[in-house]
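Good morning, and thank you for joining this meeting. I would ask you to look at the sequence and the structure together as I speak.

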Amino acid sequence: MVNFDNGWDEVLRGEFDKQYYKDLREFLKQEYFRSGVEIFPPMEEIFNAQRLTPYSKVKAVILGQDPYHEKGQAQGLCFSVSKGVKIPPSLVNIFKELKSDMGITPPSHGSLVDWAKNGVLLLNTVLTVREHQANSHKGHGWEIYTDRVIELLNKREEPMVFILWGNNAKAKQSLITNPAHLVLTGAHPSPFSAYNGFFGGKYFSKTNEFLKEPVNWEIAD
């Protein structure tokens, strides 16, 4: 059973008893314990985004696709890697935009835990992946779960910002119907698309201009 102990348990009551999630759990058991195939992130880190950012504390949501699929990278937070791991190209570009937009000098590492603790829900649309195989856990139920998470956030009266980068994230925009919230979209920060609509989006400053209580986008080194 999944427990968050921070408000998510109440709003998600009954979700993990639904048939789609039971089927997903059985699929994950086979994947994690199958010989010769490594799955990321580690099981205990799958729900890190929600564990680090309580439901009532969410100020902004950054939506990713699925976890990094190389050893040591994924930590249950979209775009984030643990300290000591080489910063992936997409995150390098996110930090470049942060510097250009807010004048904040990027840290020497790629961990976004500080953002998560400051109210930024770093949610992937699919929460697990096979090593070396991007999108390998797509279509097994995670999308139903993360759609539900977005729907629950959409119901909140307290205004928040949804930051959607890339087509996979933008596909979720139809779930965000509450006029109290702000939606910011842009190209994916990947080197393949960042110069076609990601850079210059000023997502961080626009978020803080909208919120009553701004996000602290600085990350401790």
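Predicted model: local features only at pLDDT ≥ 70, side-chain atom pairs only at ≥ 80, totals over all residues.

Helix α4 runs over residues 89-102, a total of 14 residues. From its first C-alpha to its last, helix α4 reaches 20 Å, close to the 20 Å expected at 1.5 Å a residue.

Which residues of α4 are buried? They are Ser-90, Leu-91, Asn-93, Ile-94, Phe-95, Glu-97, Leu-98 and Asp-101. The cover over these buried residues of α4 includes α5 (113-117), β5 (161-165) and α8 (203-210). After α4 comes Gly-103, with a positive phi near 75°.

Is Asn-208 buried or exposed? Asn-208 counts as buried because its relative accessible area is 17%, under the 20% cut-off. Leaving aside residues up to four places away in sequence, Asn-208 touches Met-102, Pro-214, Val-215 and Trp-217.

The structure holds one cavity of 30 Å³ or more, and the largest cavity has a volume of about 60 Å³. Its lining is made up of 13 residues, and those nearest the centre of the cavity are Ile-46, Ala-49, Gly-76, Asn-124 and Leu-127.

Terms used. Residues numbered from 1 in each chain as written. Heavy atoms only, no water. 1 Å grid on protein atoms, 1.4 Å probe; cavity = no way out; pocket = protein on both sides within 12 Å on 5 of 7 lines; lining within 4 Å. Points joined across faces, edges and corners; volume = space filled by probe spheres on them. Helix = DSSP H or I, 4+ residues; strand = E, 2+ residues; numbered from the N terminus. Expected span 1.5 Å × (residues − 1). Buried < 20%, exposed > 50% of the residue type's maximum accessible area, 1.4 Å probe, protein only. Contact = heavy atoms within 4.5 Å.
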